[in-house]
Amino acid sequence: MTSEFRPEDLRPNAPANAELSIWFHQVDSLIPDDQEIAKVRSNVRAREALKIMRKEGYSQLPVVEGKTVIGLFSYRSFAEKAEVFFSLGKDPYAAEVIDLVEDPEYITADSNLDELIRDRKSVV
């Protein structure tokens, strides 16, 4: 019998209702200072973001303003929105990534992963 996951299992001394920003800080603190995270600013052209993704072997990149993730640029988001650009006679490769992003999906440490996977499969 498996017990239900509780956030305090990861940090026994943390309050059960710890703010989300504290959790993000904890994850961020695990990344070594000398490790560079691939990301792009919102005004980067899609062409450049796609080059970075190909070079690094990523399927998506976080789009940031300062230290805040404001969206995700991915092959999927590019493909879904490129057809709109083409229909308007515009070049999607020249567009800024902010015009081609998808909203990031956030989960918490106590999210039900089975439900998230099931919900995700129903969308696809």
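This is a predicted model: local features need pLDDT of at least 70, side-chain atom pairs count only at pLDDT 80 or more; totals for chains, interfaces and linings use all residues.
Ser74 is buried, with a relative accessible area of 4%, and its place in the chain is in strand E3.

Which residues is Ser74 in contact with, once its neighbours within four places in sequence are left aside? They are Met53, Ser59, Gln60 and Glu102. With Glu102 there is also a polar contact of 2.7 Å, which joins the side chains of the two residues.

Is Glu102 buried or exposed? At 15% relative accessibility, Glu102 counts as buried, because the cut-off for that class is 20%.

The surroundings of Glu102 can be described in the same way as those of Ser74. Leaving aside its neighbours within four places in sequence, Glu102 is in contact with Gly71, Leu72, Ser74, Arg76 and Ser77.

## The sheet that holds E3

Strand E3 belongs to an open sheet of three strands, which lie in the order E1-E2-E3 and whose pairing is mixed. The strands at the edges are E1, covering residues 40-41, and E3, covering residues 68-74, and each of these pairs on one side only. Strands of a sheet pair through backbone hydrogen bonds, and they may do so in a parallel or an antiparallel way.

How many bridges join E1 to E2? There are two, and the two strands, of which E2 takes in residues 60-65, run parallel. Between E2 and E3, in contrast, the pairing is antiparallel and extends over six bridges. Val63 has a place in both pairings: in E2, Val63 is the bridge partner of Val40, and Val63 also stands opposite Gly71 in E3. E2 and E3 form a hairpin with two residues between them, and in the turn Gly66 has a positive phi of about 65 degrees.

## A helix against the sheet

The sheet, whose edge strands are E1 and E3, has a helix packed on it: this is H2, residues 46-56, which touches E1, E2 and E3. The direction of helix H2 makes about 80 degrees with that of E3.

## An aromatic cluster

The structure holds two aromatic pairs. In one of them, the rings of Phe73 and Phe78 have their centres 6.2 Å apart and their planes at 70 degrees, so the pair is edge-to-face, since planes over 60 degrees apart are placed in that class. Phe73 counts as buried at 0% relative accessibility, and Phe78 is likewise buried, with a relative accessible area of 9%.

Phe78 also forms an aromatic pair with Tyr93, and this pair is tilted, with 5.0 Å from centre to centre and 50 degrees between the planes. Phe78 lies in helix H3 (residues 75-87) and Tyr93 in the loop between H3 and helix H4 (113-123), so the pair ties together parts that are 15 residues apart in sequence. Tyr93 counts as partly exposed, because its relative accessibility is 34%. Phe73, Phe78 and Tyr93 together form one aromatic cluster.

Helix H3 also holds Ala82, which counts as buried at 5% relative accessibility. Although Ala82 and Tyr93 are 11 residues apart along the chain, their C-alpha atoms are separated by 8.3 Å.

## The protein as a whole

The protein has four helices and three strands, and from the N terminus on these elements run α-β-α-β-β-α-α.

The accessible surface of the protein comes to about 9,500 Å², of which 53% belongs to carbon and sulfur atoms. Among contacts between residues at least 6 apart in sequence, 47% join residues that are at least 24 apart.

Conventions. Residues are numbered from 1 along each chain as its sequence is written. Side-chain values use heavy atoms; hydrogens and water are left out. Two strands pair if DSSP finds at least two bridges between them. Contact means heavy atoms within 4.5 Å. Axes are lines fitted to C-alpha atoms, for helices over the stretch in contact, and angles run from 0 to 180 degrees between N-to-C directions. Accessible areas come from the Shrake-Rupley method with a 1.4 Å probe; for residues, only the protein chains shown count as cover. Buried means under 20% relative accessible area, exposed over 50%, partly exposed in between (1.4 Å probe, protein chains only). A polar contact is a pair of N or O atoms within 3.5 Å; within protein, one must be able to donate a hydrogen and the other to accept it, and residues adjacent in sequence count only if both atoms are side-chain atoms. Rings of Phe, Tyr and Trp (its six-membered ring) pair if their centres lie within 6.5 Å; planes under 30 degrees apart count as stacked, over 60 as edge-to-face and the rest as tilted.
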